[in-house]
Amino acid sequence: MKRGTKKKPKAINDAEGNPGKREQNDNQPVYSSRATPPSNLSAAAKREWKRLGPLLHEWQLLSDVDRNAFAEYCEAWAKWCVAVAGLTQAIDDMENGIEDADRRVSLYKQLWAESSKQTQRGVAHFGLSPAERNNIKSPVAGKNREADLDSFLKNKPELKIAGAG
């Protein structure tokens with residue numbers, strides 16, 4: 001295993017404009033096939049796949065070869081949702097004096113911690129954190145912004161500055 005900071009996916013590095021100005025691998029394979037969710041995903045994981053999958057594919061961060069890694073992220077997200085719901089219920093039960101609630105709190109805390117770590121790895125892998133997103137310039141958004149800028153420049157409104165004669 002190589003030491004140091006992990007390299008970002010080429011699509012993310014390209015979108016950021018290669019801020020470190022390091023040499024890029026221009027011969028990196030490009031996979032354009034759309035990833036399909038595995039049939040054995042849980043219902044909550046399928047919802048997460050449907051929510052994020054099309055967007056990641058559009059950003060060229062998800063293809064068929066990334067299917068298993070993204071499925072793992074989606075299942076970790078589903079487990080995290082179960083852990084949060086279970087932990088909330090177990091804490092309520094514990095406050096109401098229901099027997100065995102403290103054991104369930106402990107179990108759901110473990111599930112929550114484990115699924116949180118897995119989810120965070122997936123978030124980092126696919127560039128889904130707010131910090132990563134802040135550095136990404138979406139190719140789709142960039143095209144729209146250029147069109148908006150061109151439209152604005154063609155129809156320049158007169159700027160009126162308050163207090164100016």
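**Helix packing and selected residues**

Modeller: Helices α2 and α3 are oblique to each other. This is a predicted model, and in it α2 covers residues 43–58 while α3 covers residues 67–95.

Colleague: At what angle do α2 and α3 pack, and how far apart are their axes?

Modeller: The angle is about 130°, and the axes are 8 Å apart. An angle over 145 degrees would count as roughly antiparallel. The α2 and α3 pair is therefore classed as oblique.

Colleague: Is the crossing of α2 and α3 right-handed or left-handed?

Modeller: The crossing of α2 past α3 is right-handed.

Colleague: Which residues meet there?

Modeller: From α2 the contact takes in Ala 44, Ala 45, Glu 48, Trp 49, Leu 52, Gly 53 and Leu 56. On the α3 side are Arg 67, Phe 70, Ala 71, Tyr 73, Cys 74, Glu 75, Trp 77 and Ala 78. By class, the residues of this contact between α2 and α3 are eleven nonpolar, one polar and three charged.

Colleague: Let us look at Cys 74. Is Cys 74 buried or exposed?

Modeller: Cys 74, in helix α3, is buried, and its relative accessible area is 0%. Setting aside neighbours within four places in sequence, Cys 74 is in contact with Ala 45, Glu 48 and Trp 49.

Colleague: How far is Cys 74 from Gly 53?

Modeller: Their C-alpha atoms are separated by 9.8 Å, and Cys 74 and Gly 53 are 21 residues apart along the chain. Another pair to look at is Arg 47 and Cys 74, which are 27 residues apart in sequence, with 8.5 Å between their C-alpha atoms.

Colleague: And Arg 47 itself, buried or exposed?

Modeller: Arg 47 lies in helix α2 and counts as exposed, at 56% relative accessibility. The cut-off for exposed is over 50%.

Colleague: Changing topic to the core. Which residues of the largest nonpolar core touch the most other members?

Modeller: They are Trp 49, Leu 56, Phe 70, Tyr 73 and Leu 128, in a core of 18 residues. The elements that contribute two or more residues to this core are α2 and α3. Helix α3 provides the largest share, five residues.

Colleague: What is Tyr 73 in contact with?

Modeller: Leaving out neighbours within four places in sequence, Tyr 73 is in contact with Glu 48, Leu 52, Thr 119, Gly 122, Val 123 and Leu 128.

Colleague: Next, α3 and α4. How close do the axes of α3 and α4 come, and at what angle do they cross?

Modeller: Helix α4 covers residues 101–125, and its axis comes within 7 Å of the α3 axis, with a crossing of roughly 155°. That angle makes α3 roughly antiparallel to α4. The crossing of α3 and α4 is left-handed. The residues of the α3 and α4 contact divide into 18 nonpolar, seven polar and six charged.

Colleague: Which residues are in contact with Val 82, apart from neighbours within four places in sequence?

Modeller: Those residues are Tyr 108 and Leu 111. Val 82 belongs to helix α3 and is partly exposed, with 49% relative accessible area. From Val 82 to Ser 115 the C-alpha distance is 9.7 Å, for residues 33 apart in sequence.

Colleague: And on the α4 side, what about Ala 113?

Modeller: Ala 113 is in helix α4 and counts as partly exposed at 32% relative accessibility. Ala 113 and Ala 83 are 30 residues apart in sequence, and their C-alpha atoms are 8.8 Å apart.

Colleague: What is the phi of Asp 100?

Modeller: Phi of Asp 100 is near 75°, a positive value in a residue other than glycine. Most residues other than glycine have a negative phi. Asp 100 sits in the loop between α3 and α4 and counts as partly exposed, at 36% relative accessibility.

Colleague: Finally, the whole chain. How many helices and strands are there?

Modeller: The chain has six helices and zero strands. Of its 165 residues, 26% count as buried.

Colleague: Among contacts between residues at least 6 apart in sequence, what percentage join residues at least 24 apart?

Modeller: For those contacts in the chain, the figure is 65%.

How values were computed:
Residues are numbered from 1 along each chain as its sequence is written. This is a predicted model: local features need pLDDT of at least 70, side-chain atom pairs count only at pLDDT 80 or more; totals for chains, interfaces and linings use all residues. Side-chain values use heavy atoms; hydrogens and water are left out. Axes are lines fitted to C-alpha atoms, for helices over the stretch in contact, and angles run from 0 to 180 degrees between N-to-C directions. Helices (H or I, at least four residues) and strands (E, at least two) are DSSP runs, numbered from the N terminus. Angles under 35 degrees count as roughly parallel, over 145 as roughly antiparallel, 65 to 115 as roughly perpendicular and the rest as oblique. A crossing is left-handed if the near helix is turned anticlockwise from the far one by less than a right angle, and right-handed if clockwise. Contact means heavy atoms within 4.5 Å. Ala, Val, Leu, Ile, Met, Phe, Trp, Tyr, Cys and Pro count as nonpolar, Asp, Glu, Lys and Arg as charged, and the others, Gly among them, as polar. A nonpolar core is a set of buried Ala, Val, Leu, Ile, Met, Phe, Trp, Tyr and Cys residues joined through side-chain atoms within 4.5 Å. Buried means under 20% relative accessible area, exposed over 50%, partly exposed in between (1.4 Å probe, protein chains only).
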